[in-house]
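Please open the structure in your viewer and keep the selection tool at hand. The tour moves from the whole chain to individual side chains.

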Amino acid sequence: MMTIKEFSTKTGIPKSTLRYYEEKNLLQSVRDQESNYRMYSADQVSLAKLIASLRTANIPIREIQLYLKADEAVQKQMKQTWIRTIKKNQRQLAISLRYLESNQGEEAIYIFEKPPEKVIWFKAEAPVGQFTQAFIFRRKQLIQHNITIKNTYLRYLSGNRKSVHADIGFGVPGNADASPIPEAFTENMEKCLCIGLSFNGELFRIEAAYRKLILYCMTHNWTPTGSILEWNRGGRLDSTDIIIPVKH
């Protein structure tokens, strides 16, 4: 048997941490009858190192408790779940680091993971920055059919400054039914990583913001995976973000 000091030296785990493991019912000691010191056996060394390794991997105490009580099959499943979670976190950290390294002095540009969304689209034509009336008209149509609007989108297709063809879209609940509206078509937008740029100027000047976002992606090797969108959160038309789906 080893004292807590000897066990700490053997495992490399601080005495305070060993006491914490005991408090959380992860690693139990026995008390010496004469000295009342905590005592550990040699076969607890590997268990202590396992617990310390799992904690280093940020596995929650509660999950470690369940792991230690589980049979071999369940332990294997739990490990696979932890591996998937850690790999996902690694990817997210890599993306965050790359964004921070590449975003010096570009506070207006941001990165985020956009959740999946159902979007009802309509074809529209107008000069650059003058699609407000089309949005208002289509919004009224959707409201008449009791469809709640969560976000609005604009996706340029072709044209010039005088006449632009575009899709205008409305983010709606997943159960929304656009079939009664003949001109409408529906798209289920998947979850995606996006680079965004906040735009607060006059809409007819928005082309410069498009160029800035595209240049940023090209300079820092973000590969677009979809079309650039003008995105109005909450369905409002007075505050626009330009976003583009990307991969790293």
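Begin with the charges: select the 35 positive and 25 negative side chains of the chain, whose two sets have centres lying 1 Å apart. Lys and Arg count as positive and Asp and Glu as negative, while His and the chain ends are not counted; each charge is placed at NZ of Lys, CZ of Arg, CG of Asp or CD of Glu. The model is a predicted one, in which local features need pLDDT of at least 70 and side-chain atom pairs count only at pLDDT 80 or more, whereas totals for chains, interfaces and linings use all residues. Residues are numbered from 1 along each chain as its sequence is written, and side-chain values use heavy atoms, with hydrogens and water left out.

**The whole chain**

Switch to a cartoon view, where the secondary structure comprises 7 helices and 12 strands. These are DSSP runs numbered from the N terminus: helices are H or I with at least four residues, and strands are E with at least two. The radius of gyration of the chain is 28 Å, well over the 18 Å given by the globule rule for 248 residues, so the chain is more spread out than a compact globule. That radius is taken over C-alpha atoms, and the rule is 2.2 Å times the number of residues to the power 0.38. Along the principal axes, the C-alpha atoms fill a box of roughly 90 × 45 × 25 Å.

Next, colour the residues by accessibility; 40% of the 248 residues count as buried. Buried means under 20% relative accessible area, exposed means over 50%, and partly exposed lies in between (1.4 Å probe, protein chains only).

**Aromatic pairs**

Now display the rings of Phe, Tyr and Trp; a search of the whole structure finds 9 aromatic pairs. Rings pair if their centres lie within 6.5 Å (for Trp, the six-membered ring is used); planes under 30 degrees apart count as stacked, over 60 as edge-to-face and the rest as tilted.

Select Phe122 and Phe170: their ring centres are 6.1 Å apart and their planes stand at 75 degrees, so this pair is edge-to-face. Phe122 belongs to strand β5 (residues 117–126) and Phe170 to strand β7 (residues 164–172), so the pair ties together parts 48 residues apart in sequence. Are these two residues, Phe122 and Phe170, buried or exposed? Both are buried.

Move to Tyr156 and Tyr210, whose ring centres are 5.7 Å apart with planes at 65 degrees, so this pair is also edge-to-face. The pair links distant parts of the chain, with Tyr156 in strand β6 (residues 151–159) and Tyr210 in helix α7 (residues 206–219), 54 residues apart. Tyr156 is partly exposed at 25% relative accessibility, whereas Tyr210 is buried at 13%.

Then select Tyr110, Phe112 and Trp231, which form one aromatic cluster.

**A stop in helix α7**

Select Ala209, which lies in helix α7 and is buried at 9% relative accessibility. Which residues does Ala209 touch, not counting those up to four places away in sequence? They are Leu197, Phe199 and Ile242, where a contact means heavy atoms within 4.5 Å.

**Two loop residues**

Finish with Asn25, in the loop between α2 (15–23) and β2 (30–31). Asn25 has a positive phi of about 60 degrees although it is not a glycine, and it is exposed at 59% relative accessible area. Asn146, in the loop between α6 (132–144) and β6, likewise has a positive phi of about 60 degrees without being a glycine. Asn146 is exposed, at 71% relative accessibility.
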